[in-house]
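Q: Could you walk me through reading a pocket and a ring pair in a model like this one?

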Amino acid sequence: MDIVPEPSMQLDGDENLRERTARGVIVNSGFQIGFAAIGLLQRFAIAAFLTREEYGTWGLVLSTLITLSFLKQVGISDKYIQQDEPDQEFAFQKAFTLELVYTTLFCVVIAVLLPLYALAYGRSEILLPSLVLALALLATGVQAPFWIFYRRMQFVRQRVLEAINPVLSMAVTLGLAIAGAGYWSLVIGMLVGSWTAAIVALIACPYRLALRIDRGTLREYVGFSWPLLLAGGSGMLIVQGTLMIGNYTVGLAGIGAIALASSLAVYGQRVDDVIGRTIYPAVCAVKDRRETLFETFSKSNRLVILWGLPFGAGMALFAPDLVDFVLGTKWEPAVALLQTIGLLVGLNQIGVSWNLFNQAVGDTRPVAVSGIVALVTFALVTAPCMILFGLTGYLVGMSVNTGVQIMLRAYYLRRLFPEFRPIAHLFRGIAPTLPGVGAVLLLRLAYSGDRTFALAVTEFAVYLVITLAATVYFERGLLAEIAGYLRRARSQADSFSESTAGLPA
């Protein structure tokens, strides 16, 4: 039995903390980008075997489960990371119990609601696969032992164990898709991957598994979680409203286009997920030191923007080529959607991790406000525009919502960090992307002949090279700092060791 006393989440000095965080970003980047690539490859491979209507059916199934799962995102894991109880085995057992109970209740609610969703959509075919897929969500509650390695910043162990799910899911999915199972290949693949990862999590758990209920802890978790639940509920209503309106205005083909664009958007947001989730334990460790918090926010968001903006601009530039030379002409109506969503994904990276910093200091109410504002924007702008203009209206609504959310997060960041300058932050983030975009546009103005695959590849290579060079030029100081942390971290004998005390020192 490994009972770990963790009276504090502090490390041996800021340099050690920064080195472990920088090292964790690299480790998590490698794994998460790999996970995202697997998911992206899987989606495109499946798109080759499914019709747009079948992909739309899968989009309804997945989107329904994902939006309902917003109600599950109540921050139990985040609160567990933030706490600093002296007996960490006891702390984990209480959090594990809450997660299991809440996940079980959540799956029961899903089983009750799914028939209503099938009735609302007028598509009974989504009911059975959705119910089966709900079992995969139940497995997420059993995967809670992964939190322990995350809190200790043992990122290699955490990511190796988590890799079981996407790798196995992809293998099963592709095998069944090739065999002709249609969207059921995705359902079964996700189910197998999730439960295999859950079983591995239980085996790897360093603490005794026990169920413990504590009223004081319950009140503390509820106080932390209810704003996140409210924000999740708002997100659920937005996505479900989009799907229901889209079902009757643009049909399954239109929903399939939205699902494909959303898949690419998720890939564009992966670096934010990587960096945000990597730094969260470190942010919690210095939550009482606002100067260090602001430095962490500024540098981490600059790293996020280095990927997100070029990715989004690249989607806007090369979405037509992606459709013409990879996906096929059946996806031609999705080009404008892909381009617009790409730009919005890029801009949305600006200040995107603001909520983690509010959570780290125990103030989750701004997250609820953000969710409510997004819901109001959907009701007043997106929904009416979709009814009137279909996919074009959806793009208008998404654009307005992105602008509103950026302004709202700027307000809360200024409240948390008075020294934050939103305009300067915005232009500093955009600058490295502009040269590559300008170069591609100039090439297109200079050449007016037929567009070929070779030409598209050449332009893409030019875009990558110039954007990389501009990024190194504009952010050379930040990149040199990160490289320095990594060099010093590699010299430590206990790099990624199996620590036995809290966040490993």
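Q: Which residues line the second largest pocket?
A: Rolling a probe the size of a water molecule over the atoms shows where empty space is left. Here, the lining of the second largest pocket includes Val74, Ile76, Leu98, Tyr102, Tyr221, Ser225 and Trp226. (A pocket is an open set of points on a 1 Å grid over the protein atoms alone, where a 1.4 Å probe fits, with protein on both sides within 12 Å along at least five of seven lines; lining residues have an atom within 4 Å of a point.) By the way, this is a predicted model: local features need pLDDT of at least 70, side-chain atom pairs 80 or more, while totals for chains, interfaces and linings use all residues. Numbering starts from 1 along each chain as its sequence is written, and side-chain values use heavy atoms, without hydrogens and water.

Q: Which element gives the most to that lining?
A: That's α10, with six residues.

Q: How do I read an aromatic pair, say Phe318 and Phe460?
A: A pair of aromatic rings is described by the distance of the centres and the angle of the planes. Phe318 and Phe460 have ring centres 5.3 Å apart and planes at 90 degrees, so they're edge-to-face (pairing needs centres within 6.5 Å; planes under 30 degrees apart are stacked, over 60 edge-to-face, the rest tilted). They sit 142 residues apart in the chain, Phe318 in α13 and Phe460 in α20.

Q: Is Phe318 buried or exposed?
A: Buried, at 9% relative accessible area, whereas Phe460 is partly exposed at 39% (buried is under 20%, exposed over 50%, partly exposed in between, with a 1.4 Å probe and protein chains only).

Notes. Helices (H or I, at least four residues) and strands (E, at least two) are DSSP runs, numbered from the N terminus. Rings of Phe, Tyr and Trp (its six-membered ring) pair if their centres lie within 6.5 Å; planes under 30 degrees apart count as stacked, over 60 as edge-to-face and the rest as tilted.
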